[in-house]
Number of protein chains: 2
Amino acid sequence: MTDTTIKQASFASSLLANRAAQLKAGAAPAAARDMIAFTYGLPAEESFPAKEIAEATAWVMQHQAASALQYNSPEPLSEFLIDYIRKEQGIELATQNLLVTAGSGQALSLVCRLLIDKGDYIVVEAPTFLGAVTTFRKAEAEIVEVPLDENGMDIDALDKTLTDLRTQGKSVKFIYTIPTFQNPTGVTMSLERRKHLLEVAERHQVLVLEDDAYHGLLFEGEVPPWLWTLDDKGIVLHCGTFSKTLAAGMRLGWLGGSADLVSRTAGLKDEGGTNPFAGYIAAKFAENGRLERHTNELSNLYRRKRDRMLSGLERYMPDGARWNIPHGGFFIWVELPEGLDTVKMLSKAVKSGVNYLPGTACFASGKGNNTLRLAFSFVKLDQIEQGMRILGEIIREEMESDA
Amino acid sequence: MTDTTIKQASFASSLLANRAAQLKAGAAPAAARDMIAFTYGLPAEESFPAKEIAEATAWVMQHQAASALQYNSPEPLSEFLIDYIRKEQGIELATQNLLVTAGSGQALSLVCRLLIDKGDYIVVEAPTFLGAVTTFRKAEAEIVEVPLDENGMDIDALDKTLTDLRTQGKSVKFIYTIPTFQNPTGVTMSLERRKHLLEVAERHQVLVLEDDAYHGLLFEGEVPPWLWTLDDKGIVLHCGTFSKTLAAGMRLGWLGGSADLVSRTAGLKDEGGTNPFAGYIAAKFAENGRLERHTNELSNLYRRKRDRMLSGLERYMPDGARWNIPHGGFFIWVELPEGLDTVKMLSKAVKSGVNYLPGTACFASGKGNNTLRLAFSFVKLDQIEQGMRILGEIIREEMESDA
């Protein structure tokens, strides 16, 4: 096939269309099979409930094929979610409060399409999820960072940022946060901060987009209620996903919030109803508490991986390196001594068979040169120690060559 | 859940966001189960290969779960398509010429997102596919109609329209056509017209978007090669779908074209790679010629339904009604005597247990009051005669009350 000869095949004027080739990050990366792969927050392949999904499919094909294979929406999955959320969070939803989406990635895009004009502002915690920042950039939003610590986003700093932006006449459309097992830091926002966040957001009249991608993957302790659950003003939009607890490849997630916001996003979906084939099967899989049981098994697996990584960090990291202990999720965030450059170091690590995500990828502003994100989710349990040993050696070498 | 209290939750300024609630047509309509349903071009439920899909799923879950359930793209389906298109159309594609999408609906949206700025022009044949017009309107395009006859789009009229628009300084981004078993008229564009269309498009330097939704559903005779196959200038973008030949609920379609255009659209997808779970299963189902065999069986079924509808039309339609004989696809287009209003008539039909699509829904300009589209695809074979009898009675009553 030749390239087009149409000279005036001018693309849409948005940054989006013209930069689309560079912005391909949307398509998820395949894991490098020959690597000890700490880079991406991919779910553990050894945990996929393949047999149970095949059984659920056989049942759906026998009993619900006329609905699951037709143009349709995955109603049973919406019903499952409404029921699950009632039990888990104690909130009562109507169908219009919930939209099943093609993963939470599509939910983020739809919120942008609903709310964002070029130049509108979005406030994020820093560091944050690379994929969300890419989506916000595609929507031509301006991104402003607020720091976070071991209790989550710094709400006083948020308050000040919102005041400053308002003073400058900027239009802030929403605050984006991952309050539980945050990506990339693993920290969980305290109940007190959650309440404070809602108070600040309402005072500034700014919506909150809560991303709970790692829901249920709890290793110990407790998790405060959702921001959405604590919200009685209809200012929280909430997105969740089945990618971490069931199967990323089924592309199922959801957007929740007040009906006047959520029902509008339904009309913004490109492809009509979200994949009913996958949706009906997921609902069948999930029924009778099976999704919760499976999520508990996953939590056990990921806890073991986290522990293995923590003991590797203890053993192999040089003095001056610091990391958190996440109580759930996929990630540990590591800060190396100032002056080290994890971007530069990466090629050396890859040559030695280990990869990771340089922390700069998690800051919209590109800072964080001495930081890195380690995903313990995808790598096999028995490879973690070796990976940490290699990584520790490389970091020590870097420190010595720097000295 | 309350509605949001945020007063300034101002939506994005585009028509898109503000009209989203009204533009929900994107979500496909469920068929009214108690109707003789001639309205929507839904595939026949009795034809769904449910058992074979369950078997394909079992195989994929046993052998490819690590890929099909992970963040991924459905590579096997791309490979199937490249192979199929080589054999069927004799064109040699690279991976970059093809993007698997969530149905062809998403392909249409992506093309708009790539090319359309507010106020850009799209030329369509009239009447045309309602869903495409909705998508083009969401993209804030201006839509210009060119008539079609029993040989497809009137290319001389197209030529004149493009000249006029250029004279007026309008930016025409593409020509949208369904050249084979057109929706809603069922007509197929002749080879001569196809060549003429390409000549005109290239002379005016305008891209062509070819929608081949009813591919393979041929009842008799032959179909000319795709516009894409005849194109040696890289000016055709082509979209296809598995919704009619495998299962609409699996939401699988594709966009083809020159690599410089198609590769850019990949980065515009909201949700990353198109559903790998559905894609791997579809590829397994399709292998070894099974999709072609299944499509042939479907053609036999739909041919019988068409024939039943044609004999019903002969028997029950009043003098002055005219219709075409489609050689494939899902639809028959009926023109009633001038003065009849099929929009007004619809409520009476529904009360009698029959529905259809008023022809006005198929014109961007809203004309076509005396026309209607009858889908013979979804309705059960043994209900068609009764449906046609009821419809014939209602039309006769209307004519008498008009007289």
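1. The side chains of R113(A) and D270(B) form a salt bridge across the chain boundary, at 2.5 Å from N to O. A salt bridge here is a side-chain nitrogen of Lys or Arg within 4 Å of a carboxyl oxygen of Asp or Glu. Between chain A and chain B the count is two salt bridges. On the side of chain A that touches chain B, the residues divide into 48 nonpolar, 27 polar and 19 charged; nonpolar covers Ala, Val, Leu, Ile, Met, Phe, Trp, Tyr, Cys and Pro, charged covers Asp, Glu, Lys and Arg, and the others, Gly among them, are polar.

2. This is a predicted model, in which local features need pLDDT of at least 70, side-chain atom pairs count only at pLDDT 80 or more, and totals for chains, interfaces and linings use all residues. Residues are numbered from 1 along each chain as its sequence is written, chains are lettered from A and ligands numbered from 1 in the order in which they are written, and side-chain values use heavy atoms, with hydrogens and water left out.

3. The contact (heavy atoms within 4.5 Å) involves 94 residues of chain A and 95 residues of chain B. The two chains bury about 7800 Å² between them, 57% of it on carbon and sulfur atoms; buried area is the accessible area (1.4 Å probe) that two parts lose on being put together, summed over both.

4. Over all chains, the structure holds 48 salt bridges. One of the salt bridges joins the side chains of K173(A) and D120(A), at 2.8 Å from N to O. This pair links distant parts of the chain, 53 residues apart: K173(A) is in strand β6 (residues 172-177) of chain A, and D120(A) is in the loop between α5 (103-115) and β3 (121-126) of chain A. Helices (H or I, at least four residues) and strands (E, at least two) are DSSP runs, numbered from the N terminus.

5. In chain B, eight strands form an open sheet of mixed pairing, in the order β2-β9-β8-β7-β6-β3-β4-β5; two strands pair if DSSP finds at least two bridges between them. β2 (98-101) and β5 (152-153) of chain B are at the edges with a single partner strand each, so one side of each has no neighbour in the sheet. Strands β3 (residues 121-126) and β4 (residues 142-149) of chain B run parallel and are joined by six bridges. Within that pairing, E125(B) stands opposite V146(B) in β4(B).

6. Chain A has an open antiparallel sheet of four strands, in the order β10-β11-β14-β13. Five bridges pair β11 (residues 331-335) with β14 (residues 371-375) of chain A in the antiparallel sense, and F331(A) stands opposite A375(A) in β14(A).
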